[in-house]
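Hello,

Here is the structure I promised to pass on to you.

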2 protein chains.
Amino acid sequence: MSVDIQPVRDYFFQLQTDICDRLTAIDGGAEFSIEDIHQETGAHSRPRVIDQGTHIERGAVQYSYSLGDSLPPAATARNPELSGKGFQAAAISMIMHPRNPYVPTFHANLRFFLVDQSHWYFGGGFDLTPYYPFQEDVVHWHQCAKQACDPFGADVYSTLKKQCDDYFYLTHRNEARGVGGVFFDDWVEGGFDRSFEMTKSIGDNILPAYVPILEKRKDTPFGEREEEFLLYRRGRYAEFNLAIDRGTRYGLQTGRRIESVLASMPPRAIWKYNWQPEPGSAEAKLYEDYLPARDWINLD
Amino acid sequence: MSVDIQPVRDYFFQLQTDICDRLTAIDGGAEFSIEDIHQETGAHSRPRVIDQGTHIERGAVQYSYSLGDSLPPAATARNPELSGKGFQAAAISMIMHPRNPYVPTFHANLRFFLVDQSHWYFGGGFDLTPYYPFQEDVVHWHQCAKQACDPFGADVYSTLKKQCDDYFYLTHRNEARGVGGVFFDDWVEGGFDRSFEMTKSIGDNILPAYVPILEKRKDTPFGEREEEFLLYRRGRYAEFNLAIDRGTRYGLQTGRRIESVLASMPPRAIWKYNWQPEPGSAEAKLYEDYLPARDWINLD
């Protein structure tokens, strides 16, 4: 089968609409903005941002299609013969910062990179960052992740789950960002059609993984203490995005539209000096029972 | 003259005490914590943090003396013959995040690095990050900077001022962090005694540069709008610290005590999507009249 970016673009574009529509309906208070940014090259990006909603304090769902005349050497270290070739890329990425500390933050992205019929790959995944987690929510999240992967091989989920745990890790704190999910990169398994099917399977499972958690927890009563912990943990999110995340750092370094790159930042965050959760508290539970990587499908 | 780190350590240590004492007296509401962290190697660090003061929302003044058995190759790219040699380093660094948007945030650091009698250098500087600046305050700040440099050569201030403008710059936003000050690195001018004198001259001018501004502006009335802008601009500070600042990035990558490294983070910050100041507003004035690099000694 020939490798064509158009169906990938169409899928990412439609997925953006579906996700924004569904989250808008649940939020009930705010809507996603739309900007369509077309360039002469044919590039097209559509940042969509929801702000100060009833349940979503800020969320961004971004679609982009870009193309370049000449691959930079840094992008082709493993394939030096590709240097200077033209390329195309399509991507969707999203992040939701909820108001309610019982609702986790979630992040997902999917991307496709194409140089020519024999040089292309898919990447992406989704991961969850809870504040006051419920075990059943984390299990549900990982079951959706597994369900998305299982048709593509018995060990795909466990491989992608480990890659997610490894990637979303704050080495400077020896601490996971959250409870993970799946993460894949340079994906060409089984050829283009099969790889695209897997990418779609991950994409199709984003809403089923997140929406039930959002709906179940969004009206949970909370107080100042819980909100303060939410804001404190969002500081970790800011640390990861700015200091570690390859996508964000690439965006900062390459002069992409900065407001799109940093739409993922938390709307509010706090930092405390030398703060530790009280032993035995609900906050300590996050650190002890949820952040250390574990098997959420076969619980001990 | 022989090169000895002890007087440099003594000066940095005393300067820490002087700065903390003075700021505590002005704040009147909170005190600096003290932790003394000694290691078997002889290393000593003393992080001091003031939190939730009357005027200072968070401030950190850190002293450290460290030593190593063997210089890592990355630290000696320009002097490969030093690789594997022992070294010592002394440093003081500080940052103050005020509550009042009419008081600027300030940052300063001084450092000394010693391998042997012929391989050592000083570095450091101070820079100011206002929210709602007063021209006379910025002029005063730069006059103190110039006064600190002038005994060491007619062009020292202008060289160090330009280095400061170049360093404290958010390339991803094409925007300066603040109104600058002075910044120097690899400084060996005139030999050890002379370089140490200049470093002390910079250090001795920190309080004279900042305290008059803090005292004059700390009781200026402000409202929600000004506080929101303060918090929004603190987001830029977080971006600079986490994504750009070499000291912070070095700290994150080398496993230094993370709470000391990130004591510089703002206690609260916000991010807005695609926000721009209203043309003609006080907020626009910061971007138009203060952030673009300019000569604050000879005003146009």
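First, a convention for burial: a residue is called buried if 20 or more other C-beta atoms lie within 10 Å of its own, exposed if 12 or fewer, and partly exposed in between, with C-beta atoms placed from the backbone. By that rule Y237(B) is buried, since it has 22 C-beta neighbours inside 10 Å.

Please keep in mind that this is a predicted model, in which local features need pLDDT of at least 70, side-chain atom pairs count only at pLDDT 80 or more, and totals for chains, interfaces and linings use all residues. Residues are numbered from 1 along each chain as its sequence is written, while chains are lettered from A and ligands numbered from 1 in the order in which they are written.

To stay with Y237(B) for a moment: this residue belongs to helix α6 (residues 224-244) of chain B. Helices (H or I, at least four residues) and strands (E, at least two) are DSSP runs, numbered from the N terminus. Leaving out residues up to four places away in sequence, Y237(B) touches T105(B), T129(B) and P266(B); contact here means that the C-beta atoms of two residues, placed from the backbone, lie within 7 Å. P266(B) is 29 residues from Y237(B) along the chain, and their C-alpha atoms are separated by 7.4 Å.

How the two chains go together

Chain A can be laid on chain B with an RMSD of 0.0 Å, using a turn of 180° and a shift of 0.0 Å along the axis. That is the relation of a two-fold axis. The superposition is by least squares on the C-alpha atoms of residues with pLDDT of at least 70 in both copies.

The contact takes 22 residues from chain A and 23 residues from chain B. On the chain A side, β2 (44-51), α6 (224-244), α8 (258-261) and β10 (268-270) each supply at least two residues, and α6(A) gives the most, with four. Sorted by class, that side of chain A has 15 nonpolar, two polar and five charged residues. In this scheme Ala, Val, Leu, Ile, Met, Phe, Trp, Tyr, Cys and Pro count as nonpolar, Asp, Glu, Lys and Arg as charged, and the others, Gly among them, as polar. The copies meet through the same surface, because 100% of the interface residues of chain A are also interface residues in chain B.

A helix pair in each chain

In chain B, the axes of helix α1 (residues 5-27) and helix α5 (residues 206-217) come within 12 Å and cross at roughly 5°. Axes are lines fitted to C-alpha atoms, for helices over the stretch in contact, and angles run from 0 to 180 degrees between N-to-C directions. α1(B) and α5(B) are therefore roughly parallel to each other; the cut-offs are under 35 degrees for roughly parallel, over 145 for roughly antiparallel, 65 to 115 for roughly perpendicular and oblique for the rest. Here I19(B), R22(B) and I26(B) of α1(B) meet I206(B), L207(B), V211(B), L214(B) and E215(B) of α5(B). These residues divide into six nonpolar, no polar and two charged.

In chain A, helix α1 (residues 6-27) and helix α5 (residues 206-217) have axes that come within 12 Å and cross at roughly 5°. The contact is made by I19(A), R22(A) and I26(A) of α1(A) with I206(A), L207(A), V211(A), L214(A) and E215(A) of α5(A).

The core

Which residues have the most contacts inside the largest nonpolar core? They are V182(A) and V182(B), in a core of 157 residues. Such a core is a set of buried Ala, Val, Leu, Ile, Met, Phe, Trp, Tyr and Cys residues joined through C-beta atoms within 7 Å.

D186(A) has a positive phi of about 50° although it is not a glycine. This residue lies in strand β9 (residues 180-187) of chain A and counts as exposed, with 10 C-beta neighbours inside 10 Å. Q52(B), also not a glycine, has a positive phi near 55°. Its place is in the loop between β2 (44-51) and β3 (56-68) of chain B, and Q52(B) counts as exposed with 12 C-beta neighbours inside 10 Å.

Best wishes
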